[in-house]
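Here is a short briefing to read alongside your structure.

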Amino acid sequence: MYAGRALKSRQRASWQVRVWDGQGRASAWSEPSHFEMGLLAPADWTAAWIGNPVWSADPAPAPATVAFAARTARYVRLNVTRLGLPIKEGWPYKVSRLQLAEIQVQDGASGPNLAARAPVTASESYTVGGQWEPKAVTDGNLTSDAAPFGYTSLERKVQDLAAPIWVQIDLGREQRFDRILLYPRTDETTDDGRTPNFPEDFTVQTSGDGTAFDTAATVRGQEAPPPLRRQPEALPVFRREFTIGRRIRTARLYATALGVLDVTVNGRPVSDAVLEPPYSKYKERIVYSTYDVTRLLHRGGNTVEVELGTGMAHVPPTPGRYEKLTRSDGKPAFIGQLEITYTDGSREVVASDASWRTALGATTFTNWYGGEDHDARRTRRDWTAAVRVAAPTARLAARMAPPVVPVETLRAKKITSPKAGVHVVDLGVNFAGWPLLSVSGPAGTKVTMRPGELLNADGTVSQHTTGSPIWDTYTLSGDGTETWHPRFCYHGFRYLQLEGLPGEPDDGTVTGIVLRAGNARAGSFTSSHGLLNDIHKIIDRAVQSNMYSVLTDCPHREKLGWLEQANLVFPAVARNYDVTAYYGELVRDIAEAQTEDGLVPDIAPEFTVFSGGFRDDPNWGNVIVFAPWQMYRAYGDEATLRAYYPNMVRYVDYLSAKAKGHLLDYGLGDWITFDDSTPKGVTATFGYHRAVTALARIAEVVGKDADAARYGALAGEIGSAFNAKYATGDTYGSGSQACDALALDMGVVPADRREAVLAHLVKSIEAKGYHLTVGEIALPSVFHVLSAAGRDDVIHAVATQTGNPSYGYQVVHGATSLTENWDGPTSGNSQNHFMLGAIDEWFHAGLAGLGQADDSIGYATLLVRPAVVGDVTYAAATYETPRGRAASSWRRAGKRLRLDVTVPPGTRARVEYPLLGGSARPKAPEGAGWIGVQNGRAVFEVGSGDWTFQGVA
């Protein structure tokens, strides 16, 4: 751990490493490595935020004005009986609400707003603090383009109301007025491009005392104001030209955007990073990146060019094109600071300001969900001066985790033509990234590309699993062979439907560019069993497809950071990729999403606000506790525990305040289960207990002994209450597989009943033909408790099934990435979710046997305990621990078994060699410490190095 002087902005630091062997002899120093500090203080930035004048122009919002005979009153009430036009939210049907950005009260057309900051009450409200709440309707913000948005009621399936919804304003004293102005929601439109949820039938009522109301106006069939704005004809481009006359030592470009940026210097990309900047709570923190552009600059004229997309920061309504949500933290804007240091020691700064030029580029449309359009004929640009725009309220923060980068290129496996002029390219695997088009033809030819995961019966691309319609278009310039891919959004797909091609496609017409966060590979798994290898592959492909700037649930329909996966399926991510820094950023996003009352919402960043269990479920929210704990266990990261300990306490205290008798009973239950008999109280209390138990252990690590005792006691009380409520003979709750597994995994089942409950679970699995009926919450618990009890044979039997539901069912039905449902390839949901990927932990730590001891931190003590089961004759896993590469592999030939183990420097390992029913002690290398035979295994303790154990049963 660094304990030297505090480093400064731009400072370059070098470091070297050496190690000592068991005899205390030091190695030579390693070659120096380096890192460089970013811009640590706001004062380090001399650049300004700039925008394009067309994009930055803000049309004045237009209200609907209701005038009436002048009157004097203190209270004004809008009493609504018919809601406005419905829209699609997260429901399977369209819903209507009463939604207003602002209500003003005036005396005369030019009179002051008497309702400014006035108190507001309502008959009902869907309140999300700082976003949607009654008081926001008098806060002076006339649009819902940015938070706080305004007032919203609860949702309705119909527009006509059985009982009115009213919003009431207290003017503070009796005042004279003759009109109210109603400002509509502006961040969303209906499918046909109209303003939604604006009241159609209503009365305006007034009162002097707030009890007796008179009607000032009755309105029927009110027409909503038109949508506030239309998107400009193309996305903005910025350019700065400058001359260099001296030799360059170093050049660094610090840059970010509100939106997505693509930066070139002298026509060359500044990095392989794409879709920058990453997700964040854009109102609080925008991430910038530092690019080494030394080799891109030269003497003479130089040009920096920046193109912007809207990304997740600005998702306006796009009628006719798929949109999961609409939201905006502001229009596309850019800030960049190029710092050049010359060999003579002098410095020059080229910073974004009004001297930059801007134009509308060739990207004519982009939406994070709906696709992207590019017109290559748009090469002549009318450049104009960029405009300085108001700086976002967010602080600028340096990137702390690997960016999204291209990692693989996929060639077409098959091309079909299901209809005249329609071609379908099969890229062979379901992935997340870009389609790269290579085409030549006449100028003005428009090629449309429709991505999808599955095919319709007629062979065309289906988008019913991804959201629809999604498409990209490319309009040719006519200048030879042209290549293009989207740059400001991405897709999840296997198939690409091409329409409008000027000729017949070949295997080079479309290639797939696989994108993911650039986390280095950290582990591997393979075995002699083809089906198990295929299951591992589809899990890994789904992890890759959702490992972007946050862990998303799917790379198409939602692209949101649903949090249950980040802790429940952590091993499937961390055993395959180095996520030390990546998870640090995830936890930061999660902490920023936490609300004032302690709630951790189900998604982070919280780009849209859901309701019920889709916003508040303990198995989603408890990631604020469990992800840092998992980071500590995997990497020894104590700093994250300390940094976010207050957030953990707030969340657990939030759950405790909701608990009744130490039990919770709400949420989404065992999500995506086949057996819906499992009580929500079981899953919710499991999540609560899991958070409290982990927090007690964390408190002990960070030296909060009183907290450790308090939360340890609370965990015991929760366990006792759980037993009292749900224990029933040799099972729990409804007797479902989930109930048994969760109770056992909690560790609350009394010792004298554990075997019986385990037996009940095993019998239930056997009775289902070794099929699981659990959902994603109980799934990791099933594998944990079975493996811990030595029933790896049951896990093997489950893993090798090919009937429905099973992993094998997905493989044999053509899945190339893990699907959302157990029967995913035939159920019609997403074909690229990793939330059911918990078995991958067993592949590594169970079947191949490469894990760490229960009390080990950072893999200081390995536990090598392979499961030699079923028809598997070989299994191997590797893992790059914080101390070096660890490995375990075994091979069985008849009754002979060989186990090879690699233990990294500074590490101990407990090796449990399976005797397979025999009793002969296996051959072991000199230096392997013999412990004895335990539970049918020969147990050794070894230090670092390579070890081979062999025996015959």
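**A serine to start with**

The side chain of S153 reaches the backbone nitrogen of L98 at a distance of 2.9 Å. Keep in mind that this is a predicted model. The points below begin with that serine and then move on to the cores, a helix, a sheet and the cysteines.

**Around S153**

- You will find S153 in the loop that connects β9 (151–152) and β10 (160–184).
- S153 has a relative accessible area of 0%, so this residue counts as buried.
- Besides L98, the contacts of S153 include R97, E124, Y126 and I165, with neighbours within four places in sequence left aside.

**Nonpolar cores**

- The largest nonpolar core holds 186 residues, and L275, M312, Y583, I839 and F949 touch the most other members.
- Helix α9 (residues 680–701) supplies the largest share of this core, with 11 residues.
- Another core lies apart from the largest one and has 32 residues, including V76, I180, F198 and V219.
- L275 touches V260, W368, V404, W434, R487, F488, C489, Y490, L515 and Y548, when residues up to four places away in sequence are not counted.
- As general background, nonpolar side chains tend to be buried together in soluble globular proteins.

**Helix α14**

- Seven of the eight residues of α14 (residues 792–799) are buried, so the helix is largely enclosed by the rest of the structure.
- The buried residues of α14 are D792, V794, I795, H796, A797, V798 and A799.
- Among the elements that cover these buried residues are α2 (530–546), α12 (754–767), α13 (779–788) and α17 (839–847).

**A five-strand sheet**

- Five strands make up an open sheet with antiparallel pairing, in the order β39-β44-β45-β46-β50.
- The edges are β39 (523–527) and β50 (945–952); each has a single partner strand, so one side of each is left without a neighbour in the sheet.
- From one strand to the next, the twist averages 5°.
- Five bridges link β39 to β44 (residues 874–881) in the antiparallel sense, and F525 has A877 as its bridge partner in β44.
- Helix α17, one of the elements covering α14, also lies across β39, β44 and β45 (884–893), running at about 80° to β39.

**R898 in the sheet**

- R898 belongs to strand β46 (residues 896–903).
- With a relative accessibility of 37%, R898 counts as partly exposed.
- The side chains of R898 and D900 are joined by a polar contact of 3.0 Å.
- R898 and T948 are 50 residues apart along the chain, yet their C-alpha atoms are separated by 7.1 Å.
- Leaving aside neighbours within four places in sequence, R898 is in contact with S889, W890, R891, T948, F949 and Q950; F949 is also among the residues that touch the most other members of the largest core.

**Cysteines**

- How many disulfides does a search of the whole structure find? The search finds zero.
- C489 is in no disulfide, and the nearest cysteine sulfur, that of C554, is 15 Å away.
- C554 is likewise in no disulfide, with the sulfur of C489 as its nearest cysteine sulfur.
- Are these two cysteines buried or exposed? C489 is buried, with a relative accessible area of 0%, and C554 also counts as buried at 0% relative accessibility.
- C489 is one of the residues that L275 touches.

Definitions and conventions: Residues numbered from 1 in each chain as written. Predicted model: local features only at pLDDT ≥ 70, side-chain atom pairs only at ≥ 80, totals over all residues. Heavy atoms only, no water. Core = buried A, V, L, I, M, F, W, Y, C linked by side-chain atoms within 4.5 Å. Buried < 20%, exposed > 50% of the residue type's maximum accessible area, 1.4 Å probe, protein only. Helix = DSSP H or I, 4+ residues; strand = E, 2+ residues; numbered from the N terminus. Contact = heavy atoms within 4.5 Å. Polar contact = N/O pair within 3.5 Å; in protein donor to acceptor, adjacent residues only side chain to side chain. Pairing = 2+ DSSP bridges. Axes fitted to C-alpha atoms, helices over the stretch in contact; angles between N-to-C directions. Disulfide = S-S within 2.5 Å.
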